[in-house]
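Open the model in your viewer and keep the selection tool at hand. We will go from one stop to the next, with a short note on what to select and what is there.

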Amino acid sequence: MSTGLPLATRTAQVLTPDKSIITKMSTVPSIPEFYASQSIFITGATGFLGKILVEKLIRSCPEVKCIYLLIRPKKGKDPQERLDEILDSQLFEKVKTQNPDFKRKCKAIEGDIIKEDLGLDQGDHDLLTKEVSVVFHSAATIKFDEEMKLSVDMNIGGVHSMLEFCKTLPKLVSFVHISTAYANCDRNKIDEEVYEPPLKPRQLLDACSWMDAETLNTLTPQIIGSRPNTYTYTKSVAEFLIKEEAGSLPVAIFRPSIVGATYVEPVRGWVDNVNGPTGLLAAIGKGVLRIMKGDFNATADIIPADFATNMLLAVGWYTAVHKPKSLMVFNCTSGGLNRFTWGQMERLSYEYLMKNPLENIARVPNAKFTKSVLWHDTNVLFDHMLPAYLMDMYMWISGRRRMFVRLQEKLRKAVSSLEFFTARQWEFSHDNLLMLERLMSPDDKKNFNFNPKSIHWPTYMEAYCLGTKRYVLKEHISALPNARKALVRLQRLNMLFQVVVFMVVWRLLVKRVTVARVLWNMILGWAGRLLQRVPGIARST
């Protein structure tokens with residue numbers, strides 16, 4: 001295997017057949033040495049993790065030969081246009097300063113994982129077959145409420161197509177499939193192994209080939225069983241498909257948990273979507289999300305995107321260099337090594353969204369998690385829907401477009417899809433994560449750090465809140481002083497409103513409820529006697 005760089009003789013950790021680790025002099029290449037001169041094929045490169053993977057490869061493995069990215073045309077843009085948009089984004093600013101000519105290493109390949117032979121034309125197919133030695137398969141539909149037919153086609157059929165394609169690559173030394181730590185969320189303890197699903201992959205693919213979408217949608221609750229959605233179900237089946245059909249391919253399965261904004265690199269807090277915690281932070285910061293079902297003490301198993309990317313590259317390196325004899329599964333999770341809870345997220349998000357508020361907020365940020373269904377539903381009615389109707393009434397009176405009720409309805413749908421995960425917790429084994437780290441050189445451990453123990457959660461959450469503001473909502477940091485002034489005004493209005501509401505309610509109670517009237521007279525009596533004891537007031541009376 002050529003790496004393009006001389007292999008330095010170094011002390012290395014080596015995995016023995018019985019899975020023990022010994023130290024000896026070795027010419028095992030470092031991660032950058034391994035990826036030097038490799039031609040890499042990536043699917044899903046237009047996704048969140050895919051973009052960060054491309055950036056990290058170019059920046060930290062500068063001798064990589066070429067990165068081929070499978071991209072389909074979308075919204076009138078061809079694959080090259082879509083790739084140029086990604087490479088011109090803020091994410092690649094650091095790479096541009098180090099290597100202004102970095103774009104030449106990236107080549108868009110038109111295709112689609114749900115099409116026959118990945119939708120490749122003959123020329124691209126021949127090029128990839130001739131050149132590619134490492135594959136990262138990230139393409140998938142990540143919509144929790146995706147229809148079963150499309151979810152199966154992309155998440156299972158796409159994996160089958162990738163396996164068949166990889167069998168045609170004579171230079172292949174590593175194929176990493178990106179799954180999810182929640183693929184087997186019907187279990188409380190999830191080990192680094194592939195679990196057999198009730199319905200075999202071939203059976204499901206065959207059923208989806210002749211069943212219409214409507215019938216499949218009707219049967220979906222019975223098919224997915226105790227799993228919450230088609231996403232986690234099809235990801236689990238895809239893992240078993242790999243176990244059944246990979247044969248002698250050098251394959252590994254990589255399972256990240258909840259992938260959040262970057263922690264350190266290339267910039268703190270980079271994120272470009274509203275999936276998972278990002279959407280929650282945006283809704284909390286705008287003041288439209290006030291309560292959510294969740295366990296305050298449950299683990300929020302978030303992994304920063306740069307940590308996930310570093311481990312992903314390390315898995316690709318390990319699969320090629322150490323050549324494991326069986327299919328390896330790597331859980332990329334934080335909960336077992338550096339626990340972070342939804343309660344901590346509630347507290348820290350409030351702290352940093354008050355310190356660095358978003359612009360044009362509807363209400364003061366103050367979201368809470370609760371396990372009580374009654375308390376949740378009561379708050380949704382009085383603290384979400386009622387204010388939304390009142391604000392829409394104001395918009396209608398002022399001649400503007402009503403939007404708040406519709407926004408709340410969309411928000412409730414999005415939040416409900418996450419409540420399965422915020423109300424529970426899982427125990428993920430992480431033996432292979434620790435084993436992988438032990439096998440890395442000191443320089444690789446530093447440059448490709450993925451150990452969750454190094455995360456300081458308050459620092460991360462502040463960066464995450466600022467990243468949501470800057471990169472997702474496109475708000476300028478320079479406008480923070482004005483946003484803080486607006487928040488102070490809103491706090492004062494909120495306090496005034498609460499005082500007025502209290503006075504109105506108390507006045508009604510005093511008029512209509514005898515106990516309240518007696519209590520009020522008692523308070524006035526105590527106040528009068530207290531004032532008489534004050535010397536200045538007593539003499540004046």
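Begin with the lining of the second largest pocket, which by class has 16 nonpolar, four polar and four charged residues. Here Ala, Val, Leu, Ile, Met, Phe, Trp, Tyr, Cys and Pro count as nonpolar, Asp, Glu, Lys and Arg as charged, and the others, Gly among them, as polar. Select R363, P387, M391, N494 and F497, which of the 24 lining residues lie nearest the centre of the pocket. Helix 13 (373-397) and helix 19 (480-512) are the elements that give two or more residues to this lining, and helix 13 gives the most, with 11 residues. The volume of the second largest pocket is about 780 Å³.

A pocket is an open set of points on a 1 Å grid over the protein atoms alone, where a 1.4 Å probe fits, with protein on both sides within 12 Å along at least five of seven lines; lining residues have an atom within 4 Å of a point. Grid points are joined across faces, edges and corners, and the volume is the space filled by probe spheres set on the points. Helices (H or I, at least four residues) and strands (E, at least two) are DSSP runs, numbered from the N terminus.

This is a predicted model: local features need pLDDT of at least 70, side-chain atom pairs count only at pLDDT 80 or more, and totals for chains, interfaces and linings use all residues. Residues are numbered from 1 along each chain as its sequence is written, and side-chain values use heavy atoms, with hydrogens and water left out.

Now zoom out. The protein has 21 helices and 15 strands, and its C-alpha atoms fill a box of roughly 100 × 55 × 50 Å along the principal axes. Of its 541 residues, 52% are buried (under 20% relative accessible area; exposed is over 50% and partly exposed in between, with a 1.4 Å probe and protein chains only).

Next, select helix 10 (residues 277-286) and helix 18 (residues 457-472). How do their axes cross? They come within 10 Å and cross at roughly 80 degrees (axes are lines fitted to C-alpha atoms, for helices over the stretch in contact, and angles run from 0 to 180 degrees between N-to-C directions). Helix 10 is therefore roughly perpendicular to helix 18 (65 to 115 degrees; under 35 is roughly parallel, over 145 roughly antiparallel and the rest oblique). P277, T278, L281 and A282 of helix 10 meet M461, Y464, C465, T468 and V472 of helix 18, where contact means heavy atoms within 4.5 Å. Among the buried residues of helix 18 are W457, Y460 and M461.

Move to helix 7 (residues 201-210) and helix 9 (residues 230-245), which pack at about 120 degrees with their axes 9 Å apart. These two helices are therefore oblique to each other. Show P201, R202 and L204 of helix 7 against a group in helix 9 that includes Y233, V237 and F240.

Most residues other than glycine have a negative phi, and most peptide bonds are trans. The bond from E265 to P266 is cis, with omega near -5 degrees. S37 has a positive phi of about 70 degrees and is partly exposed, at 35% relative accessible area. D117 has a positive phi of about 55 degrees and counts as exposed, at 53%. Last, select S429, which is buried at 13% and touches K189, I190, D191, E192 and N331, not counting residues up to four places away in sequence.
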